[in-house]
Amino acid sequence: MIERRFHRDLYPAAALASAVQVYERFARFEVADEGDHQVVRITAKKPERERRIALELGNYALGLTRKEALS
Amino acid sequence: MSTLMFEGFPKDLVVGDLADGSVTLTVDAAVYPLEAVYGAAYIFIDRCFVLLDRPKAGSVSVTLTDKKGAADAGALRQMAGEFANELLTQAWRQKIVEENRVLLETVTMQALAGATATPAEPSLDDLANFDFTEEAFDDPLGIAMSWEEKYKKKTPAEVAGEAPAEGAPEGKP
């Protein structure tokens, strides 16, 4: 299991939720609120796969955040 | 985790991690607005994995992980330098946009208003009723007259007709 922390000031909850929705067919996701962060815990078959999905999720959430800010 | 400092960068602001193939830059939010950070980060997502965080109030950390993996110290330093440059570009662009916002909005509004307004085009009836006999304007100095009309060679009759008026001595009855 791998964990990624997304700060609420930087990643809107809607952007993160959409990103999780896109990647949830590749791994199991748990999203929890912890203070200023939304914590996403990712479980996949292999650690490398977990790491890759976590990194891709970060990029996707950032892309959605930026898109939302421009629209 | 093998942390790495880079020559030419402040030690506490740019830290590399060779094992992870990533570099983390800490950006002062007072110097670089958040929009500039987003802009620079967005440009880098095609070649890096980018993660933003807020380690403390008033600063944003940007972690760049090379997509190809196994980045060496030189590649990480290059990545950090390019990101810092892009960040500066975005901040400057943001400043220019803010300074010219009123002008941009005015020009855009005028363009949209001009595009949406329907000009009152004359109909064929208006054209049929138009009075073409009316003089368009007075031209006492002959400015609108063509060169040929103004300087054409005069016939003897025309010269004879003008001669008394031009030849009459001024000031005499």
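**View 1. Overall make-up of chain B.** In this predicted model, chain B holds 6 helices and 5 strands, where helices (H or I, at least four residues) and strands (E, at least two) are DSSP runs numbered from the N terminus. Along the sequence these elements follow the pattern β-β-β-α-β-β-α-α-α-α-α. Of the 173 residues in chain B, 21% are buried; a residue counts as buried if 20 or more other C-beta atoms lie within 10 Å of its own, as exposed if 12 or fewer do, and as partly exposed in between, with C-beta atoms placed from the backbone. Residues are numbered from 1 along each chain as its sequence is written, and chains are lettered from A, and ligands numbered from 1, in the order in which they are written. Because the model is predicted, local features need pLDDT of at least 70 and side-chain atom pairs count only at pLDDT 80 or more, whereas totals for chains, interfaces and linings use all residues.

**View 2. The open sheet of chain B.** The 5 strands form an open antiparallel sheet in the order 1-2-3-5-4, two strands being taken as paired if DSSP finds at least two bridges between them. Strand 1 (3–5) and strand 4 of chain B stand at the edges with a single partner strand each, so one side of each is left without a neighbour in the sheet. Within the sheet, strand 3 (residues 22–28) and strand 5 (residues 59–66) of chain B pair in the antiparallel sense over 7 bridges, and Ser22(B) has Thr65(B) in strand 5 as its bridge partner. Helix 2 (residues 73–99) of chain B lies across strands 1, 2, 3, 4 and 5 of chain B and runs at about 30° to strand 3; axes are lines fitted to C-alpha atoms, for helices over the stretch in contact, and angles run from 0 to 180 degrees between N-to-C directions.

**View 3. The largest nonpolar core.** This core, a set of buried Ala, Val, Leu, Ile, Met, Phe, Trp, Tyr and Cys residues joined through C-beta atoms within 7 Å, has 42 residues, of which Val37(B), Ala41(B), Val50(B), Leu52(B), Val62(B) and Phe83(B) touch the most other members. Helix 1 of chain B supplies the largest share of the core, 7 residues. Leaving aside neighbours within four places in sequence, Val62(B) is in contact with residues including Thr24(B), Val37(B), Val50(B) and Phe83(B), contact meaning that the C-beta atoms, placed from the backbone, lie within 7 Å.

**View 4. The contact between chain B and chain A.** Here 11 residues of chain B meet 12 residues of chain A. On the side of chain B that touches chain A, helix 1 (34–44) and strand 4 (48–53) of chain B each supply at least two residues, and strand 4 gives the most, with 5 residues.

**View 5. The hairpin of chain A.** Strand 2 and strand 3 (residues 37–43) of chain A pair in the antiparallel sense over 7 bridges, with Arg41(A) in strand 3 as the bridge partner of Glu30(A). The two strands form a hairpin with 2 residues between them, and Gly35(A) in the turn has a positive phi of about 65°. Of the 7 residues of strand 2 (residues 28–34) of chain A, 0 are buried, so this strand lies largely in the open.

Methods: Two residues are in contact if their C-beta atoms, placed from the backbone, lie within 7 Å.
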